[in-house]
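I opened the file to look up a helix, a cavity and a sheet. My notes are below the structure.

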Amino acid sequence: MPRVELLAPAGDLDKLQLALLYGADAVYLGGEQFGLRAPAGTFSLPLLRQALELAHGCGRKLYLTLNAYLHAGEMAQLDAYLESLRPLTLDAYIVSDPGVLSRVRAIDPQREIHLSTQANTLNGPACEFWRTQGVARVNLGRELSLADLRLIRSQTTVELEAFVHGALCVAYSGRCLLSSALTGRSANAGACAQPCRWNYAVVEETRPGRYFPIEEDARGTYLFNSEDLCRLDALPQLLASGIDSCKIEGRMKTLYYVAAVTRVYRAAIDAWCADPIGYVADPQWRAELDKVSHRPYISDLPAGAAAVHREDSRYRQSHDFLAIVRAVAADGRVLVEGRNRFAADEQVEVIGPAMRTLPWPLSGAEDEAGQPCQLIQPNARVWLRPPAPLQVGDLLRRERPVDAGWRLADGAGKKLSPQ
């Protein structure tokens, strides 16, 4: 079977390196201007050159997002930015605004163009239209069902890309005005404050100070709370439909998310491509996806329906991301950099590329000066002695107790919701 591309997010250089290490065929990232994830790490021109060296050095591809919708006064700035990017060997631009597409074709006509999900492409004739405009690949709208994808594939010859995992949005393919209205931060200019994730109540004007949930549920309201997409169970049908690229959402997610999710879809895609008829999903794959921070999963969307979860919108996460291996000494010891606080005598688990997983009862740590330490803090670097050889880029995690209370999102240090 032809190799189906696995496209992973790269919010910064660290995440890019892990995405490549854990099996991505290509990565997508944002530059300093006109991307749609301004709060995520963005890449300056020198960092873009470094990223390209890393990706192309291992035979992978790199796509740059230019998928913001521009206002009239921003076109001169776009032209100047495109001129600065033109010498780089980027594999494609990801665009959504027809005006941006026209400027790319005028200034950098040899560059491959991919159409963002922001363009809301939901049918075959639309795909064909974009192909005639010079688009090589269309990232289809997230609102499409598997049946929709199969039909579209039969109606167009352009490359098709579909999201397989990550956060969904209550607006059509992310084109939302809620953030702009409530905070002044435009989602369509890369500055979404994610107000759809906030808790809401209503106030009756004659009863100020009395708040009523929009739905009669003491845990909160779920009007805006979209489920997360997880198409692992539906992957055989998705791949059989003829999709060319499977995309993972998450440039604002953590190192742990990028590594854990990428390695699962790498294993699953490879298994299907090797033997579509005899393909059997490994139960470990879904178990792994449950160990990253996520909202309740949905595997397919009824055509045009919103994926709003009405029962429980809280994030779920069974494991904490503790540390990343930064160096391996000649004697087998590893230098790890902390992401969450942990003790030097805890039971942890190591994950690595190719679904490698290793239980590890820690038995002591030393700081970089060689002094014993019992408690490892976030960002601290310590030496540990593993029970088996590890490699740079391996990650440490631990299972969290059921009564963990306030949960942290993948070690990001942000309180989300009570357990």
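The entries cover the ground rules, then each topic in turn.

**Ground rules.** I am working with a predicted model, where local features need pLDDT of at least 70, side-chain atom pairs count only at pLDDT 80 or more, and totals for chains, interfaces and linings use all residues. Residues are numbered from 1 along each chain as its sequence is written, and side-chain values use heavy atoms, without hydrogens and water.

**Helix H3.** I looked up which residues of H3 (75–85) are buried, and found Leu78, Tyr81, Leu82 and Leu85. Buried means under 20% relative accessible area with a 1.4 Å probe, protein chains only. These residues lie on the same side of H3, because they cover an arc of only 100° around the axis; the arc is taken from the directions from the helix axis to the C-beta atoms. I then noted their packing partners: helix H2 (45–57), strand S3 (61–66), strand S4 (92–95) and helix H4 (98–107). Helices are DSSP runs (H or I) of at least four residues, and strands (E) of at least two.

**Cavity.** A cavity is a set of points on a 1 Å grid over the protein atoms alone where a 1.4 Å probe fits but cannot get out. I found one of 30 Å³ or more. The largest cavity holds about 60 Å³, and its lining includes Leu140, Arg142, Phe163 and Arg231; lining residues have an atom within 4 Å of a point.

**Sheet.** I traced an open antiparallel sheet of eight strands, ordered S17-S16-S22-S13-S14-S21-S18-S19. Strands S17 (356–361) and S19 (372–373) are the edges, each pairing on one side only. Pairing takes at least two DSSP bridges. Two bridges join S18 (365–367) to S21 (381–384), and Glu366 stands opposite Trp383 in S21.

Terms used:
Buried < 20%, exposed > 50% of the residue type's maximum accessible area, 1.4 Å probe, protein only. Contact = heavy atoms within 4.5 Å. 1 Å grid on protein atoms, 1.4 Å probe; cavity = no way out; pocket = protein on both sides within 12 Å on 5 of 7 lines; lining within 4 Å. Points joined across faces, edges and corners; volume = space filled by probe spheres on them.
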